[in-house]
Amino acid sequence: MKIERILLREIRMELLHPFETSFGVTHDKRILLTEVISEGVSGWGEVTCKALPLYNEEFIDAAWFLIRDALAARLLGQNLRAAEVAGRLEFIRGHRMTRAALETAVWDVEARQAMKPLWEHIGGSRKEIDCGVSIGIQKDVPTLLEKIQTEVDAGYQRIKLKIKPGWDVDVVAAVRERFPTIVLSVDANSAYRLTDAEHLRKLDQFELLMIEQPLAHDDLLDHAQLARRLETTLCLDESIRSARHAEQAIECGACGIINIKLGRVGGFSEAILVHNIARTHGVPVWCGGMLETGVGRALNIAMSTLENFALPGDVSASKRYWARDIIQPEVEVTPYGTIRVPHRSGSGFAVDRDYVESLTVRREELA
Ligand code: OSB
Ligand code: MG
């Protein structure tokens, strides 16, 4: 396909509920959307980084600058297949969420031009994906228990709690006491050090499905040490940015489960490689989330149809995040905690252009 135009838009959206992790609270989101146009067909992507480099090194203003001044020129006017795009953008180190916003949009265009669902185009096979939820740090335990009850009642298959020092063992104990049989996991977003191993061992008694990213965002070896001291399986999120990281992490024993975020690894091409390496080693993966709008959420649904996405992901209904999502239809979850994968072409969801326009604070057309 010939890539003719790229449209960059920054929108502002307010989350229905502030989301607190060990690195801070998110409420108003600055979101960068990419629209790639080829032969009159549009595909969409979303930069999933934050306004500040708190989750990884990326931030919205850097993403805007890189797409405009460095990345777009490598695609515009070129005849490319979607599978070639990641390679074209690889000259930039890091900034994988930024690259992914272009790469995934091209995959969406390609699928739409072929009039095929995106999930089928990337080699997925699941017709229905399993959903869990990620619950932020709350002001107190009763509030958390109430939130969990709401999500369990909605049918979600796995509950993940954000933890940090001071909001961990006692909180998980209270949750387990009230919900003895739910599938439960925790995510520390790098809030601990290897010297906390004895403290983290106290989590072993709660039969957690996993502990996600307890140690530094760029570490593998300390995680491998920690894994040897815990019974609970470790899952890596931040530390896995490529298939090479995935292979090294598995080989050194740093994790037994991998959270794949499409943005964090640079798009579909790399996500598929991470997925395949994990599968080869018998390591299950699941789809992580970055509080995406419907655009990113639709892409996450497509990725989650790959066969080794064997555990419920952090992909949940639009209405958990937004008063009104920017896609139609919105993402809905069945009463038994699944999303039925759409059979429409491309991502299967249409962007609500008028609504996006009303939320836009800056736009630029690159051609
Ligand atoms: O570590 O998975 C994470 C949100 C922002 C940054 C990092 C993470 C998260 C989540 C939210 O856990 C998952 C979601 O989109 O619901
Ligand atoms: Mg995480």
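Guide: Buried means under 20% relative accessible area, exposed over 50%, and partly exposed in between, with a 1.4 Å probe and protein chains only. This is a predicted model, in which local features need pLDDT of at least 70 and side-chain atom pairs count only at pLDDT 80 or more, while totals for chains, interfaces and linings use all residues. Residues are numbered from 1 along each chain as its sequence is written, chains are lettered from A and ligands numbered from 1 in the order in which they are written, and side-chain values use heavy atoms, without hydrogens and water.

The chain is divided into domain 1 (5–116 + 352–360) and domain 2 (120–340), with bounds from an automatic or database domain assignment. Taken over C-alpha atoms, the centres of domain 1 and domain 2 are separated by 22 Å. Across the boundary, 38 residues of domain 1 are in contact (heavy atoms within 4.5 Å) with 45 residues of domain 2.

On a 1 Å grid over the protein atoms alone, a cavity is a set of points where a 1.4 Å probe fits but cannot get out, a pocket is an open set with protein on both sides within 12 Å along at least five of seven lines, and lining residues have an atom within 4 Å of a point. Points are joined across faces, edges and corners, and a volume is the space filled by probe spheres set on them. By this rule there are 5 cavities of 30 Å³ or more. The largest cavity holds about 290 Å³ of space. Its lining has 25 residues, with Phe19, Lys162, Gly289, Met290 and Leu291 closest to the centre. Two or more lining residues come from each of strand 1, strand 2 (24–38) and strand 6 (159–162); strands (E, at least two residues) and helices (H or I, at least four) are DSSP runs numbered from the N terminus. Strand 2 gives the most to this lining, with 3 residues. By class, the lining of the largest cavity has 6 nonpolar, 7 polar and 12 charged residues, where Ala, Val, Leu, Ile, Met, Phe, Trp, Tyr, Cys and Pro count as nonpolar, Asp, Glu, Lys and Arg as charged, and the others, Gly among them, as polar. Domain 1 and domain 2 both give residues to the lining, so the largest cavity lies between them.

The open space comes next. The largest pocket contains about 560 Å³ of space. Of the 24 residues that line this pocket, His17, Glu151, Lys319, Arg320 and Tyr321 lie nearest its centre. Strand 1, strand 5 (133–135) and helix 5 (141–153) are the elements that give two or more residues to the lining of the largest pocket. Strand 1 gives the most, with 4 residues. By class, this pocket lining has 12 nonpolar, 6 polar and 6 charged residues. Domain 1 and domain 2 each supply at least three residues of the lining of the largest pocket.

Strand 1 therefore takes part in the lining of the largest cavity and of the largest pocket, by the DSSP runs used here. Strand 1 spans residues 5–21 and includes Glu10. Glu10 is buried, at a relative accessible area of 1%. The side chains of Glu10 and Arg12 are joined by a polar contact of 3.0 Å; such a contact is a pair of N or O atoms within 3.5 Å, where within protein one must be able to donate a hydrogen and the other to accept it, and residues adjacent in sequence count only if both atoms are side-chain atoms. Beyond four places in sequence, Glu10 is in contact with Arg30, Ile31, Leu32, Ile60, Trp64, Leu359, Thr360, Val361 and Arg362.

Ile60 and Trp64 are among the buried residues of helix 1 (residues 60–71), together with Ala62, Ala63, Leu66, Ile67 and Leu71. The buried residues of helix 1 pack against strand 1, strand 2, strand 3 (41–47), helix 2, helix 3 and strand 15 (360–366). His95 sits in the loop between helix 2 (82–89) and helix 3 (96–113) and touches Ala62 and Leu66, as well as Glu57 and Glu58, not counting residues up to four places away in sequence. At 18% relative accessibility, His95 counts as buried.

By contrast, Met115, in the loop between helix 3 and helix 4 (118–121), is exposed at 69% relative accessible area. Met115 has a positive phi of about 55° although it is not a glycine.
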